[in-house]
Protein chains: 2
Amino acid sequence: MANESNTPKRTDVNTLGEFGLIDHLTQRFPLHHRSSVKGIGDDAAVIDHQGAFTVVSTDMLVEGIHFDLMYTPLKHLGYKAVVVNLSDIYAMNAIPQQIMVSVALSNRYSVEAMEELYEGIRTACSVYNVDLIGGDTTSSPKGLVISVTAIGKGHKERLTYRNTAKVGDLICITGNLGAAYMGLQILEREKQIYLSDPELQPTLEGHDYLLERQLKPEARKDMIEAFAKADLVPTAMIDISDGLGSELFHIAKQSGVGVLLEESGVPIHEDAQFQAIDFNMDPITVALSGGEDYELLFTVDPKDLDKVKYMADIYIAGEIVPAEDGVKLNSKGGKLHDITAQGWKHFDPSKN
Amino acid sequence: MANESNTPKRTDVNTLGEFGLIDHLTQRFPLHHRSSVKGIGDDAAVIDHQGAFTVVSTDMLVEGIHFDLMYTPLKHLGYKAVVVNLSDIYAMNAIPQQIMVSVALSNRYSVEAMEELYEGIRTACSVYNVDLIGGDTTSSPKGLVISVTAIGKGHKERLTYRNTAKVGDLICITGNLGAAYMGLQILEREKQIYLSDPELQPTLEGHDYLLERQLKPEARKDMIEAFAKADLVPTAMIDISDGLGSELFHIAKQSGVGVLLEESGVPIHEDAQFQAIDFNMDPITVALSGGEDYELLFTVDPKDLDKVKYMADIYIAGEIVPAEDGVKLNSKGGKLHDITAQGWKHFDPSKN
């Protein structure tokens, strides 16, 4: 009988990591259609439909890996599953209009549980003005898997890729970073306390902002609208889903440039600052490797400085430098540190 | 802590079935964008991109539900995962051009196993001339989940929906039905024999055709090309993935019509006929409820009879009748039987 265990050589997927594995598996997939403008390697793919540019992105969320139903209400999960995909479309400077949602669920889930999930999906559709146009619902032997595909509309001249940052460009960040990660740490701490003694009630009070950033993140639709209003086209853009460090490396690698990031320019909410210190963590490290912020990291030509300077909720945090200068952080103490790409840490060898 | 078990009312998902659950969950999702031409309820969704019609479909395959790696080579699985999605695009009379593939996998899978899976995906891309343009790779606590989204191009006037069959139209079927299901029965039988005594070698010889139909199905790209060549636009079309009975019910329900199916017109390969009898099954029942044929069921206006009459591999198997006449089979013995909609039987209450 056929089984992958027949394969003589066995390389653990962890040896490659997420990006390594994707690169490895997809390297021999040439694009044949002229309509396939952008394939693998950006926030979303781009298809040219006779001049209309369609932007498509897909993400899969797996129970026990991306979410823990111990502390994630299903309504929030449905909302977040949509938002993380829309964020990828916005990161192309495009407007999402449609989504498809596929769900695999075990018999553990009731119709009412699924209604909650779809209530969250419906709310996201309404808030972000997107239509649910399709999907697939199937059973799974265990757990819940949600796969969302978002489809958006873009203008050829205004789409923003990862590989187009230029030396001298300013590095900009929207909102603030690290809060979602600190929210996750609080939820994990309370879960452990609860598991050790179910009599103990979780103490989540006073952490509203951090918890909301983790459980109900928003995508920066408002920024894309502000860019259009200001007639600003970033030279490159990516959404911050895996932590600022990882995203800076994507831009640097794909654009063939280096990065000089100013610690003093990286926006971190004071709740995240305090919480990080409470957890004995360095706030800038949390911002660099935390993940799930769904803010935007983008670069602008210095000639556009006046356009971003007075835009609300945008922070200038550094400069694109030549590739040979590396990807570095200028700390508040004035020292240069190498930034390390973190990124995907979902593959947990303890799980199978 | 939040958990779906807090919900007081608990309705088992099996009470609704696949189509019932989808209908129930998606009923309050109005379409807002003019570009959302067709939402949930057909083989694929249709988006109007300034005149260019984009057709999008997505499917999720879950280990232990849709495939069994005991007898499914990963290369075939990758191929099949793509083909079943392309089949949905062809069923709209459109041409797939791009796919996105998301994979969730546990640590049980090696890089080599994933290479095999992607080798099958690559082969399908090459055979069907589609580009892999994106996706997501993530880990899962257990098992393998594959989600494929296919994107195609269609012409507004030539797209074929499920809700446009008219009384008097001829019912046509491509290829033959039931073979994939009989292939599955053979594989399941040999698996049970193997599990009861691993010393026994499976006897799969002589069943090449049935096994190939199950393990490596093809989508009817050739038919869509033949339609274009003959300037034929079916009045309605659907791919046969859940069994002919289920698909006839979709057409009947959505078009508001009835069906008179002639048993003598339903194409069944002689290998499937013999195998059905060997398994003590009725061949026409296998064709009606077997599933996974990925053939096309379509209806044509009688004025187009001459166009289909001489087309290779197309069989005229009945007529669209008024809704009040029901969905019926005229057996070879000349008796009328009600056809029952089978369809999705994946939810297995024994699993959790």
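Visitor: What does Asp313(A) form a salt bridge with, and how far apart are the closest N and O atoms?
Guide: Its partner is Arg220(A), with the closest N and O atoms 3.0 Å apart. A salt bridge here is a side-chain nitrogen of Lys or Arg within 4 Å of a carboxyl oxygen of Asp or Glu.

Visitor: Which parts does the pair tie together?
Guide: Asp313(A) is in the loop between α10 (305–309) and β11 (314–322) of chain A, and Arg220(A) is in the loop between α5 (208–215) and α6 (221–229) of chain A, so the pair links parts 93 residues apart in sequence. Helices (H or I, at least four residues) and strands (E, at least two) are DSSP runs, numbered from the N terminus.

Visitor: What should I know about the model and the numbering?
Guide: The model is predicted: local features need pLDDT of at least 70, side-chain atom pairs count only at pLDDT 80 or more, and totals for chains, interfaces and linings use all residues. Residues are numbered from 1 along each chain as its sequence is written, chains are lettered from A and ligands numbered from 1 in the order in which they are written, and side-chain values use heavy atoms, leaving out hydrogens and water.

Visitor: How many salt bridges over all chains?
Guide: The search of the whole structure finds 42.

Visitor: And how many across the interface of chain A and chain B?
Guide: The rule finds 0 there. Polar contacts are another matter. Between chain A and chain B, 36 residue pairs are in polar contact, both residues at pLDDT 80 or more. That term means a pair of N or O atoms within 3.5 Å; within protein, one must be able to donate a hydrogen and the other to accept it, and residues adjacent in sequence count only if both atoms are side-chain atoms.

Visitor: Which helix of chain A gives the largest share of the side that touches chain B?
Guide: Helix α3 (residues 111–128) of chain A, with 11 residues.

Visitor: How many residues does the contact take from each chain?
Guide: It takes 104 from chain A and 104 from chain B, where contact means heavy atoms within 4.5 Å.

Visitor: New topic. How many helices and strands are in chain A?
Guide: Chain A has 10 helices and 13 strands. Its C-alpha trace spans about 55 × 50 × 50 Å along the principal axes.

Visitor: Where does UniProt list a "binding site"?
Guide: The unreviewed entry lists Asp242(A). UniProt positions follow the numbering used here, feature names are shortened, and annotations may be inferred rather than shown by experiment. Asp242(A) is in the loop between β8 (236–240) and α7 (244–255) of chain A.
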